Amino acid sequence: MPNLLLTNICNRNCPYCFALAQIEAGTTRANWEMSWEELETILSYLNPHVDVVSLLGGEPTLHSKFKEIVTQVSNKGYPIKIFTNGTTASLRGIHGIAPHDIRIILNLNMPDTYNVKEWKQIETNCMLLKDQIALSFNIYKPDFSWEYIKEAILQWELKRSVRIGIAQPIKGMNNAYLQEKDLQPASSRLVTMAEDLAIHGITLGFDCGFRACTFTKEELGILAECGTHFLFACKPVLDIGPQLMTWRCFPFSVGPGVTLTDFSSLKEVERYFTEKWASIQKKGNTDECGECRNMQIASCNGGCLSRSFIKTSFQM
Ligand code: SF4
Ligand code: SF4
């Protein structure tokens, strides 16, 4: 399901920021917010009670009408997922609105990257919203630690699952991302993390862009035993921003996307992006991808398409 970019304003400065192209655009263009009319148009492409509305940014809770948007989208019958940095007071404004239909994915960086006020806001939000919140953790260097993630989940009684993202390069942007040489060591460390968290009944769920071959067969077996929801996918996500501009996903949002209303359905937009870059995706991230059985049976899409672009120096 698509991501709705409510605003490009953000109060944080994560080194790996996926939305950097949009955030940076805000420094040269006026900051933007999605209008209610744009939101309604997007909703007309979705089915209430079935399709999940994912709210992102920037920091979506900084949209001046955040609470109203959540209330109205929920009243229309859509389940909602909010991707937030958790540091704003407006996040807790949604407390009590359809708690079974609203999930919050709170991205938690290392505690020493927050000031006292920000950490206090995170704590207050977590203690109020409890297991409506699942933490998210983004890997952008191989020597990461997760003790604080474990402590936060147990202490604040959050949902016992963690979304794991892998930081990817955004062409033309200087964001931090996991370098090729670090993919394998980081994968092994992730397996250790999964084992440690499994002791507390906490499971991991992979986001897009992981590669099957950065794990050994034994490591994949351990991940499965730990209840990890792993996938090795790279498919069009569809990020929809101002003026209904729609991109395949964040790494491709440096340039212009397509306009949603030029298409009759989201499936059509997905097909457009899939076909547009099919030849690059077939090559995958590694020299082995073309002949790989995982690629042939589609159990691995060959890693992040953005890395394949950079590898082939192909113009987006
Ligand atoms: S190119 Fe693929 S793996 Fe990379 S961010 Fe987009 S969907 Fe995810
Ligand atoms: S498709 Fe490519 S990235 Fe995926 S497992 Fe095969 S060789 Fe590795």
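Which residue in β5 is the bridge partner of Leu-106? It is Leu-135.

This is a predicted model, in which local features need pLDDT of at least 70, side-chain atom pairs count only at pLDDT 80 or more, and totals for chains, interfaces and linings use all residues. Residues are numbered from 1 along each chain as its sequence is written, and chains are lettered from A and ligands numbered from 1 in the order in which they are written.

**View 1. Ten strands form an open, mixed sheet.** Helices (H or I, at least four residues) and strands (E, at least two) are DSSP runs, numbered from the N terminus. Two strands pair if DSSP finds at least two bridges between them. The strand order is β7-β6-β5-β4-β3-β2-β1-β8-β9-β10. β7 (203–206) and β10 (258–259) are the edge strands, each with a single partner, so one side of each has no neighbour in the sheet.

**View 2. Strand β4 pairs with β3 and with β5.** β3 (residues 80–84) and β4 are parallel and share five bridges. Here Ile-82 has Ile-104 of β4 as its bridge partner. β4 (residues 102–107) also runs parallel to β5 (residues 133–139), through four bridges. Strands of a sheet pair through backbone hydrogen bonds.

**View 3. Helix α6 passes helix α7 in a left-handed crossing.** Left-handed means that the near helix is turned anticlockwise from the far one by less than a right angle; clockwise is right-handed. The axes of α6 (residues 180–198) and α7 (residues 217–225) come within 9 Å and cross at roughly 30°. That makes α6 roughly parallel to α7 (angles under 35 degrees; over 145 is roughly antiparallel, 65 to 115 roughly perpendicular, the rest oblique). Axes are lines fitted to C-alpha atoms, for helices over the stretch in contact, with angles from 0 to 180 degrees between N-to-C directions. α6 contributes Ser-187, Ser-188, Val-191, Ala-194 and Glu-195 to the contact, and α7 contributes Glu-219, Ile-222 and Leu-223. Contact means C-beta atoms, placed from the backbone, within 7 Å. By class, the contact has four nonpolar, two polar and two charged residues. Ala, Val, Leu, Ile, Met, Phe, Trp, Tyr, Cys and Pro count as nonpolar, Asp, Glu, Lys and Arg as charged, and the others, Gly among them, as polar.

**View 4. Helix α6 lies across β5, β6 and β7.** β6 spans 161–166. α6 runs at about 145° to β7.

**View 5. Residues surround ligand 1 and ligand 2.** A residue is near a molecule or strand if its C-beta atom, placed from the backbone, lies within 6 Å of it. Around ligand 1 are residues including Cys-208, Cys-234, Cys-249 and Cys-304. This shell has eight nonpolar, three polar and no charged residues. Ligand 2 has 15 residues around it, the closest being Arg-211, Cys-213, Cys-289, Cys-292 and Cys-300. Its shell has seven nonpolar, six polar and two charged residues.

Terms used: Two residues are in contact if their C-beta atoms, placed from the backbone, lie within 7 Å.
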